[in-house]
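Biologist: I would like to learn how to read the packing of helices, sheets and cores in a model like this one. Could we go through it feature by feature?

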Amino acid sequence: MRLEDVAPGQRLTGVLPGEAVVVVAAQPHGAATIELTYKTTAGNLAQRMLFRRDEQLISVTAAGGRPFDADPRQFQLAAEVQRMSMAGLFDPMLAVATSDVRPLPHQIRAVYEEMLDRTPLRFLLADDPGAGKTIMAGLYIKELLLREDISRCLVVAPGGLVDQWQDELFLKFGLRFDILSNDLIESAFGGRVFDRHPLLIARMDQLARNERLLADLDLSDWDLVVVDEAHRMAARRFGSGIDKTRRFHLGERLAARTRHLLLMTATPHAGNDDDFRLFLTLLDRDGFEGTGAGASGPLDTTGVMRRMVKEDLLTFEGTPLFPERIAQTVPYQLTARETDLYDQVTEYVRFGMSQAEGLDGKRRNAVGFALTVLQRRLASSPAAIHQSLVRRSQRLERRRAELRAGRLEASERMWPEVDEDEHSAVELEQIQEEQLDEATAARTVAELDIELRDLARLVALAAEVRGLDTDRKWVELRRILEDNLLDRSDGRRRKLIVFTEHRDTLEYLRQRVTDVLGSDDAVVTIHGGVRRSDRRQITERFSKHPQCQVMVATDAAGEGLNLQAAHLMVNYDLPWNPNRIEQRFGRIHRIGQTEVCRLWNIVATGTREGDVFERLLRKVESQRQAYGGKVFDVLGAAFEETPLRDLLIDAIRYGDDPAVQRRMEEVLDRTVAHGLPELLRDKALTEEAMRPADLARVQERMVDARARRLEPRQVEWAFRHAFQTLGGRLVQRERGRFEIAEVPAPVLAAAGTGPVAKRYSRVTFSLEHADGPSGGRADLLAPGHPLHDAVTAVISQLLAGVLSRGTVLASPAVEAPTLLIGVVEEVVDGTEATVSRRFGYAFADASGQVRSAGPAPHLDCLTDVRPALAAEALRLPWLASAETEATRWIIEHQLQDYLSETAARVLPDVRRTRSRVEERLTSESRRLRAEAGAAAAKERAGTRPAESADSLRQKSQELEERLRRRLASLAAQAQLSIKPPRLVSAALVLPQPR
């Protein structure tokens, strides 16, 4: 065939091996060369140069683009593996089907109605504590990974939550995230750690306070960043200025380096609209620019924020998801000897705090922290204060000996400032032990001599009180235990959790509670020294064992453990951080709880900190009677301005001063009596409810998703055949559970977003078999698991030509020869970014009509078609143009509707964003121009304004330029178009012989 005869519309063979291509254009370059633009059978456009010597290779063919000569069994495997790799395009809730979660209506609505349709996502998820925001984030992350929308994801969380995030993402979603640690940073060997770890979890303050990491972060790019407890990224307005914290600067950097940004917090609004607007600039700087001055009505957060409160959440049956919460204060009076001990230790603490005032900043903070821990142990139990005083004496005696020997300079002992929210409960226990025993204001041997004499006296008094066995606080707990609260009318036993802050108290209570209940099996304990894996086993025993009634725990049990098997809880020690109160109550008042949750707070009246707690809890209870259990969800936010810890320290140091007592009462009124209602009103402005119509819509989505869901048996069939083709072997060990002794080398080399192990002791394809009889957990093999995806990638490459060539199958689903096609449809915006994609199978008949073929029609086909029948069918005249006619039918009958459906989901959000951006930037620009005019008038009058007219005009012009650029970007996002359908596989299906 001569080059001059090549023309658009022709089908040419010889351009690509094994298939015919359709000529789109042929551009001559001189007399002996043409530039050929063509479309492959997969629908992809490509180009190549053809020279005169290529004339002997190319020819026009009347046949279709595929020879349909691939091995039918290989085609079935290749098609099923292709379907697995594209599962996110046809299973609308693939993350649900391949994760160990049972999502609730509000979680489905958040992920599949609020978040996935927004691309790029800039969103604040602000549901109440215990509503399962981590589950929602995990579903969103996995769904985007499965849809190949993201490959790099960074989760930023407070230090105390990073281990919990890693556990949840792995155990519930099979996602292996690394935690950014010093070892991980050093292993980068001079490179950037962010480039080497595409799935990463980082501590918020580790990033915010490390200039090297921030510099590396500025050079990295992420597809998705998730920030937990995002309200900590705070900024505040003062006059015309803005005070941005390090964490807020970190938020700005993260927002600039990612396509999708998800902020999560249960307390987004601390009562100040301007500060809340500043916080929202992390999501959209243009849409929330400036102050709210001149704005009409409340701040509009539609499309960027979702807030649902516990009391409004429903099950799929339409019943309330959470029961009522009730808290009760249990006051008690110290005995005379307990009061004597309390007064003397408190005086020791007060004196130490006064001495610490003369120290430098870091040392003063360390001593102050140590003394507050000592005061908290004093309030905890005689055992805790006695042991603490003994250990402190021993440590300070060693310190004195080292000073005498000249081996130690007191000023060399330094500790970092402790932010309790930035450490896990386990880490806090370790820090408390180290600082409590060592931190002292004494700097010389003589000063240590005086302190050790005071400690010796206190140790003797604490030992005496401990030996009296008249612990009034324990008496109150014993009354709760003996009040028949643990007995049900049906004979079953209720379960109770007792929270303490200190391990010495925990051991003391374990023995005493065991004596009351009369059985060692009735009591379990969890503290910071218990390994995470053991904590889960202890929790399982407490939840499932009928004889196990009481758990005594430190706050290590308040992190990452679900304890809703109990609905009764005692705060034996009240934490000084109100967020910990919320977290503790949230361990039992969470999804799955069916009983009314009751909490008893044991408080010593007549003590300085006890009186603060008693007044606080009384005011909280009065607000609970008016607003219900919602008050517990905003308790932490109420103390944003004046931390509860500061109030308690003031009470210890100056509690006998009437002026200080009045000030504390004013603060409690402002934060609780008046502050809680205000916070709840602010919440109500943005919260949403789950209406019956919303519930019905979510139920319909679930039914539709189940109809299109990947079945575990289908995943197993495809993986087993692919793995065996690659030389791997699955050996069944228990029902539904298999061992893989060795993973083939090509699979190890193909690891994608997660590591592939060399062997797997147990794998399964069904969640019901994930936990085995021996307690070992099996890996769930499904799309998204590194081993599954690596096998899929290798076999897809190996069998790539099979799908292009096509095959001949037989099926009872057709009555005449029919073309089976796999079709990908894609909607893009004006920047060519993908807005929506879908994949499905269709049958195309001789007339060009197209109909759905179901989720996996190739698996229902027979592969042993007689060669004579296949050869005869391949000569059918309509087959040559069948793919072209099918494509034309899809374009004419389906694409317009698909584009309209996508536009209906996407464009309202774009229009809303455009309106918000235009209003804010225009308003701010006008305000600055007005201020520029006023400043110019002052300058003409010889008065110096706070800011020059030129500076204000420059800022106004910058906003106008930002508005122009943003409107152009939004216009491109609103310009939706649909690409031609791509046919990614095809087979000729004959009627099954009768």
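This is a predicted model: local features need pLDDT of at least 70, side-chain atom pairs count only at pLDDT 80 or more; totals for chains, interfaces and linings use all residues.

Biologist: Why are helix 10 and helix 11 described as roughly parallel to each other?

Modeller: Angles under 35 degrees count as roughly parallel, and helix 10 and helix 11 cross at roughly 25°, so the two are roughly parallel to each other. Helix 10 makes the contact through L214, L217 and D218, while helix 11 contributes L250, R253 and L254. Sorted by class, this contact has four nonpolar and two charged residues, with no polar ones.

Biologist: Turning to sheets, what is the order of the strands in the open sheet of six, and is the pairing parallel or antiparallel?

Modeller: The order is 15-20-19-16-18-17, and the pairing is parallel. Strand 15 (325–333) and strand 17 (523–526) stand at the edges with a single partner strand each, so one side of each has no neighbour in the sheet. From one strand to the next, the twist averages 20°. Inside this order, strand 19 (residues 568–571) and strand 20 (residues 597–605) pair in the parallel sense over four bridges, and M569 has L599 in strand 20 as its bridge partner.

Biologist: Which strands does helix 20 touch where it packs on the sheet?

Modeller: Helix 20 (residues 532–544) touches strand 16, strand 17 and strand 18, and its direction makes about 150° with that of strand 17. Helix 19 (residues 503–517) lies across strand 16 (496–499), strand 17 and strand 18 (550–553), and runs at about 170° to strand 17.

Biologist: How is the open sheet of five strands arranged?

Modeller: Its order is 4-3-2-1-5 with antiparallel pairing, and the edge strands, strand 4 (45–51) and strand 5 (59–60), each pair on one side only. Strand 1 (residues 11–16) is joined to strand 5 by two bridges, and L12 has V60 in strand 5 as its bridge partner.

Biologist: Finally, how many residues does the largest nonpolar core have, and which have the most contacts inside it?

Modeller: That core has 92 residues, and those with the most contacts inside it are I141, W165, L262 and L787. Helix 5 (residues 133–146) supplies its largest share, nine residues. Beyond its neighbours within four places in sequence, I141 is in contact with residues including I150, L169, F177 and V226. A second, separate core of 39 residues includes L154, A188, L213 and V225.

Notes: Residues are numbered from 1 along each chain as its sequence is written. Side-chain values use heavy atoms; hydrogens and water are left out. Two strands pair if DSSP finds at least two bridges between them. Axes are lines fitted to C-alpha atoms, for helices over the stretch in contact, and angles run from 0 to 180 degrees between N-to-C directions. Contact means heavy atoms within 4.5 Å. Angles under 35 degrees count as roughly parallel, over 145 as roughly antiparallel, 65 to 115 as roughly perpendicular and the rest as oblique. Ala, Val, Leu, Ile, Met, Phe, Trp, Tyr, Cys and Pro count as nonpolar, Asp, Glu, Lys and Arg as charged, and the others, Gly among them, as polar. A nonpolar core is a set of buried Ala, Val, Leu, Ile, Met, Phe, Trp, Tyr and Cys residues joined through side-chain atoms within 4.5 Å. Buried means under 20% relative accessible area, exposed over 50%, partly exposed in between (1.4 Å probe, protein chains only).
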